Amino acid sequence: MNTITLLTAMPETVQELSIWGMIVKGGWLMIPIFILSVIAVYIFCERYILIRKYTQNNDIFMDKIKDCILADNIRGAITLCNEENTPMSRMLIKSILHLQLPVTELRAITESNANLEVAGMEKGLSTLATCAGMAPMIGFLGTVVGMVQAFYDMALAGNNVNITLLSRGIYTAMITTVAGLIVGIIAYFAYNALTARIDKVINNMESTNAVFMETVYELKIKNS
């Protein structure tokens with residue numbers, strides 16, 4: 001009976017820890033990790049929205065371009081490219097303007113334009129990769145800082161060491177590591193997802209370039 005009375009008289013000590021509470025207990029190193037997460041999410045959303053519409057291979061567009069070139073309707077082909085406004089169409093504009101050049105020079109112009117378009121699509125990916133690498137490193141730095149804080153508190157406490165005294169350093173050590181790994185994993189996944197999308201666009205550009213060069217050969221044979 002006394003045991004039951006003691007148990008019911010014990011105060012409730014278990015408290016739920018909210019996400020905000022964990023962030024606060026993680027210390028000041030949570031600030032750069034949060035900034036990296038915002039940068040990573042922004043770059044991924046901005047690049048994904050931009051690149052998503054480029055991944056579709058528009059065969060109808062190339063058929064129209066081919067018909068215009070074979071009909072010597074250069075102005076019509078350029079108008080179609082401007083209306084399409086994709087990496088494939090922008091790659092073709094300067095090449096169409098220089099159809100009178102030899103095939104080797106025309107191929108070089110097309111490849112140069114393609115490289116410029118790919119560089120434009122890859123804008124921000126290096127920053128995203130940096131976020132994927134830095135976030136876990138900052139998290140591990142938080143682990144070291146937390147351990148230093150814990151040992152420092154132990155040294156000050158002398159023989160009066162208890163788990164409550166060490167909790168500040170332990171929270172910093174564990175929470176920053178978890179946060180850094182989460183941000184790093186998300187940024188790494190986002191980087192690979194964007195890279196896969198860009199690779200698909202590059203494949204479409206190579207296919208477009210092949211159709212364009214075949215059309216140029218047909219035109220030169222026709223005019224010879």
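Predicted model: local features only at pLDDT ≥ 70, side-chain atom pairs only at ≥ 80, totals over all residues.

The stops below go from the whole chain to single residues.

Residues are numbered from 1 along each chain as its sequence is written, and side-chain values use heavy atoms, with hydrogens and water left out.

**Stop 1: the whole chain.** Of its 224 residues, 35% count as buried, where buried means under 20% relative accessible area, exposed over 50%, and partly exposed in between (1.4 Å probe, protein chains only). Among contacts with a separation of 6 or more, 78% are between residues 24 or more positions apart; a contact requires heavy atoms within 4.5 Å.

**Stop 2: the loop between α4 and α5.** Select D72, which is found in this loop. Its phi is near 60°, a positive value in a residue other than glycine. By contrast, most residues other than glycine have a negative phi. D72 counts as partly exposed because its relative accessibility is 47%.

**Stop 3: helix α5.** Select residues 74-84, the extent of α5. Which residues of this helix are buried? They are G76, A77, I78, L80 and C81.

**Stop 4: the loop between α5 and α6.** Move on to N85, which lies in this loop, just after α5. Its phi, near 50°, is again positive in a residue other than glycine. With a relative accessibility of 42%, N85 counts as partly exposed.

**Stop 5: α6 against α7.** Select residues 87-97 (α6) and 103-121 (α7), whose axes come within 8 Å and cross at roughly 145°. Axes are lines fitted to C-alpha atoms, for helices over the stretch in contact, and angles run from 0 to 180 degrees between N-to-C directions. The crossing is right-handed, that is, the near helix is turned clockwise from the far one by less than a right angle. On α6, show P87, R90, M91, K94 and S95; on α7, show L106, I109, T110, N113, A114, E117 and M121, which together make the contact.

**Stop 6: N113.** Keep α7 displayed and centre on N113, which is placed in that helix. Is this residue buried or exposed? N113 counts as buried because its relative accessibility is 8%. Leaving aside neighbours within four places in sequence, N113 is in contact with M91, K94 and S95.

**Stop 7: cysteines.** Select C45 and C131. C45 counts as partly exposed, at 37% relative accessibility, whereas C131 is buried, with a relative accessible area of 2%. The structure holds zero disulfides, a disulfide being a pair of cysteine sulfur atoms within 2.5 Å.

Conventions. Helix = DSSP H or I, 4+ residues; strand = E, 2+ residues; numbered from the N terminus.
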